[in-house]
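I opened my notebook to look up the overall build of this chain and then one part of its surface.

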Amino acid sequence: MSEFKFINLDIRNYLAGILFLSAVFLSLWPLRALIIENMFWHMDIQIPLLIAAGLISKIPVSNFSQNLSRFNAYGLNSFIVSQVILVFWMLPISIDRAIIHWGYDLVKIISLIVCGWLIQVSFKRTTVVIEIFFVGYFLAMMLWVGFYYIQSDIRLCNVYTQDSQQYAGGGLMVFAVVLSLVWIISKLYKRSQI
(Lines give C-alpha, C1' and ligand atoms only; values in the text may rest on other atoms or scores of the structure.)
Protein backbone atom coordinates (compact mmCIF):
# COMPACT_ATOMS: atom_id res chain seq x y z
CA MET A 1 0.00 0.00 0.00
CA SER A 2 3.04 2.27 -0.09
CA GLU A 3 1.84 3.82 -3.37
CA PHE A 4 -0.99 5.52 -1.41
CA LYS A 5 1.25 6.76 1.36
CA PHE A 6 1.10 10.36 0.05
CA ILE A 7 -2.62 10.57 0.97
CA ASN A 8 -1.76 10.58 4.68
CA LEU A 9 0.57 13.55 4.46
CA ASP A 10 -0.60 16.73 6.17
CA ILE A 11 -2.27 19.33 3.93
CA ARG A 12 -0.19 22.08 5.56
CA ASN A 13 2.97 20.57 4.13
CA TYR A 14 1.38 20.31 0.67
CA LEU A 15 0.49 24.00 0.79
CA ALA A 16 3.95 24.87 2.13
CA GLY A 17 5.49 22.85 -0.70
CA ILE A 18 3.43 24.70 -3.31
CA LEU A 19 4.45 28.08 -1.85
CA PHE A 20 8.08 26.96 -1.67
CA LEU A 21 8.18 25.72 -5.26
CA SER A 22 6.41 28.86 -6.50
CA ALA A 23 9.07 30.98 -4.81
CA VAL A 24 11.99 28.84 -5.98
CA PHE A 25 10.77 28.87 -9.60
CA LEU A 26 11.10 32.67 -9.46
CA SER A 27 14.84 32.16 -8.94
CA LEU A 28 15.12 29.81 -11.94
CA TRP A 29 15.08 30.53 -15.66
CA PRO A 30 12.79 31.66 -17.34
CA LEU A 31 10.77 33.04 -14.39
CA ARG A 32 13.93 34.58 -12.93
CA ALA A 33 13.44 37.40 -15.44
CA LEU A 34 10.51 38.58 -13.29
CA ILE A 35 12.61 39.18 -10.16
CA ILE A 36 15.53 40.53 -12.18
CA GLU A 37 13.44 43.14 -13.97
CA ASN A 38 10.98 44.07 -11.25
CA MET A 39 11.71 44.68 -7.57
CA PHE A 40 8.00 44.18 -6.77
CA TRP A 41 8.22 40.51 -7.79
CA HIS A 42 11.34 40.09 -5.67
CA MET A 43 10.31 41.84 -2.43
CA ASP A 44 6.53 41.58 -2.48
CA ILE A 45 5.98 38.17 -4.10
CA GLN A 46 9.00 35.88 -3.72
CA ILE A 47 10.12 36.85 -0.22
CA PRO A 48 6.60 36.58 1.33
CA LEU A 49 6.09 33.20 -0.41
CA LEU A 50 9.29 31.86 1.17
CA ILE A 51 8.37 33.14 4.64
CA ALA A 52 4.82 31.79 4.31
CA ALA A 53 6.18 28.36 3.27
CA GLY A 54 8.26 28.18 6.46
CA LEU A 55 5.46 29.64 8.57
CA ILE A 56 2.80 27.07 7.65
CA SER A 57 4.99 23.99 7.30
CA LYS A 58 4.44 21.37 9.95
CA ILE A 59 7.50 21.12 12.17
CA PRO A 60 8.46 17.58 13.16
CA VAL A 61 8.92 17.19 16.91
CA SER A 62 12.17 15.47 17.78
CA ASN A 63 14.40 15.16 20.82
CA PHE A 64 16.74 17.72 19.25
CA SER A 65 13.98 20.33 18.85
CA GLN A 66 12.72 19.65 22.38
CA ASN A 67 16.22 20.17 23.78
CA LEU A 68 16.61 23.32 21.71
CA SER A 69 13.36 24.73 23.10
CA ARG A 70 15.07 25.18 26.48
CA PHE A 71 17.06 28.04 24.96
CA ASN A 72 13.98 29.69 23.51
CA ALA A 73 11.94 30.84 26.49
CA TYR A 74 8.75 32.63 25.37
CA GLY A 75 10.01 32.44 21.78
CA LEU A 76 12.41 35.33 22.40
CA ASN A 77 15.46 33.88 20.62
CA SER A 78 13.46 32.69 17.62
CA PHE A 79 11.77 36.10 17.37
CA ILE A 80 15.14 37.90 17.51
CA VAL A 81 16.77 35.68 14.86
CA SER A 82 13.75 35.96 12.56
CA GLN A 83 13.83 39.77 12.88
CA VAL A 84 17.53 39.85 12.01
CA ILE A 85 16.86 37.76 8.89
CA LEU A 86 13.96 40.02 7.86
CA VAL A 87 15.95 43.21 8.38
CA PHE A 88 18.87 41.81 6.36
CA TRP A 89 16.62 41.06 3.35
CA MET A 90 15.04 44.49 3.50
CA LEU A 91 18.41 46.13 2.82
CA PRO A 92 18.81 47.22 -0.81
CA ILE A 93 22.36 45.84 -0.97
CA SER A 94 21.12 42.37 0.04
CA ILE A 95 18.48 42.43 -2.69
CA ASP A 96 21.10 43.54 -5.22
CA ARG A 97 23.46 40.72 -4.29
CA ALA A 98 20.70 38.10 -4.49
CA ILE A 99 20.18 39.13 -8.10
CA ILE A 100 23.85 39.29 -9.04
CA HIS A 101 25.20 36.20 -7.20
CA TRP A 102 23.39 32.86 -7.23
CA GLY A 103 25.00 31.95 -3.89
CA TYR A 104 23.28 34.91 -2.19
CA ASP A 105 20.02 33.88 -3.81
CA LEU A 106 20.38 30.39 -2.36
CA VAL A 107 21.14 31.84 1.10
CA LYS A 108 18.09 34.08 0.73
CA ILE A 109 15.83 31.11 0.00
CA ILE A 110 17.13 29.01 2.89
CA SER A 111 17.24 31.86 5.42
CA LEU A 112 13.71 33.05 4.66
CA ILE A 113 12.30 29.52 4.99
CA VAL A 114 14.07 29.30 8.36
CA CYS A 115 12.69 32.76 9.21
CA GLY A 116 9.11 31.60 8.61
CA TRP A 117 9.74 28.48 10.66
CA LEU A 118 11.17 30.58 13.54
CA ILE A 119 8.14 32.88 13.46
CA GLN A 120 5.91 29.80 13.77
CA VAL A 121 7.95 28.59 16.76
CA SER A 122 7.77 32.06 18.35
CA PHE A 123 3.98 32.30 18.04
CA LYS A 124 3.62 28.94 19.80
CA ARG A 125 5.70 29.98 22.80
CA THR A 126 5.27 33.70 23.23
CA THR A 127 3.04 35.88 25.39
CA VAL A 128 0.76 38.61 24.03
CA VAL A 129 3.04 41.38 25.30
CA ILE A 130 6.14 39.94 23.63
CA GLU A 131 4.15 39.31 20.45
CA ILE A 132 2.92 42.92 20.38
CA PHE A 133 6.51 44.14 20.74
CA PHE A 134 8.03 42.06 17.93
CA VAL A 135 5.09 42.04 15.50
CA GLY A 136 4.48 45.75 16.09
CA TYR A 137 8.16 46.55 15.56
CA PHE A 138 8.36 44.55 12.34
CA LEU A 139 5.15 45.92 10.83
CA ALA A 140 6.18 49.49 11.67
CA MET A 141 9.59 48.85 10.10
CA MET A 142 7.97 47.41 6.96
CA LEU A 143 5.68 50.45 6.70
CA TRP A 144 8.61 52.84 7.11
CA VAL A 145 10.84 51.02 4.59
CA GLY A 146 7.98 50.98 2.07
CA PHE A 147 7.40 54.70 2.57
CA TYR A 148 11.13 55.39 2.20
CA TYR A 149 11.30 53.39 -1.05
CA ILE A 150 8.44 55.46 -2.44
CA GLN A 151 9.69 58.87 -1.28
CA SER A 152 13.41 58.49 -1.95
CA ASP A 153 14.76 60.60 -4.82
CA ILE A 154 17.66 58.24 -5.33
CA ARG A 155 17.79 54.70 -6.61
CA LEU A 156 18.57 52.51 -3.59
CA CYS A 157 19.05 49.24 -5.51
CA ASN A 158 21.55 49.27 -8.35
CA VAL A 159 19.79 46.51 -10.26
CA TYR A 160 16.34 48.11 -10.28
CA THR A 161 14.85 51.29 -11.70
CA GLN A 162 13.38 53.94 -9.44
CA ASP A 163 9.86 53.15 -10.69
CA SER A 164 10.34 49.52 -9.74
CA GLN A 165 11.59 50.62 -6.32
CA GLN A 166 8.49 52.74 -5.78
CA TYR A 167 6.14 49.88 -6.74
CA ALA A 168 7.97 47.60 -4.31
CA GLY A 169 7.66 50.26 -1.59
CA GLY A 170 3.92 50.52 -2.21
CA GLY A 171 3.62 46.75 -2.00
CA LEU A 172 5.47 46.71 1.34
CA MET A 173 3.11 49.34 2.74
CA VAL A 174 0.04 47.39 1.60
CA PHE A 175 1.52 44.22 3.13
CA ALA A 176 2.14 46.03 6.44
CA VAL A 177 -1.48 47.24 6.61
CA VAL A 178 -2.98 43.86 5.58
CA LEU A 179 -0.77 41.92 8.02
CA SER A 180 -1.68 44.35 10.83
CA LEU A 181 -5.38 43.80 10.20
CA VAL A 182 -4.98 40.02 9.97
CA TRP A 183 -2.97 39.97 13.19
CA ILE A 184 -5.48 42.17 15.08
CA ILE A 185 -8.48 40.16 13.83
CA SER A 186 -6.79 36.86 14.77
CA LYS A 187 -6.09 38.16 18.29
CA LEU A 188 -9.68 39.37 18.71
CA TYR A 189 -11.01 36.05 17.41
CA LYS A 190 -8.75 34.08 19.73
CA ARG A 191 -9.85 36.20 22.67
CA SER A 192 -13.53 35.67 21.82
CA GLN A 193 -12.98 31.90 21.94
CA ILE A 194 -11.74 31.98 25.55
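How many helices and how many strands does the chain have? I noted that this is a predicted model, in which local features need pLDDT of at least 70 and side-chain atom pairs count only at pLDDT 80 or more, while totals for chains, interfaces and linings use all residues. Residues are numbered from 1 along each chain as its sequence is written, and side-chain values use heavy atoms, with hydrogens and water left out.

I counted nine helices and zero strands, where helices (H or I, at least four residues) and strands (E, at least two) are DSSP runs numbered from the N terminus. The radius of gyration, taken over C-alpha atoms, is 18 Å, close to the 16 Å of the globule rule (2.2 Å times the number of residues to the power 0.38) for 194 residues, so the chain is as compact as a globular protein of that length. I also noted that the C-alpha trace spans about 50 × 45 × 30 Å along its principal axes.

Next I looked up burial, and 38% of the 194 residues count as buried, meaning under 20% relative accessible area, with exposed over 50% and partly exposed in between (1.4 Å probe, protein chains only).

Then I turned to Phe20, which lies in helix α1 (residues 11-25) and is partly exposed at a relative accessible area of 33%.
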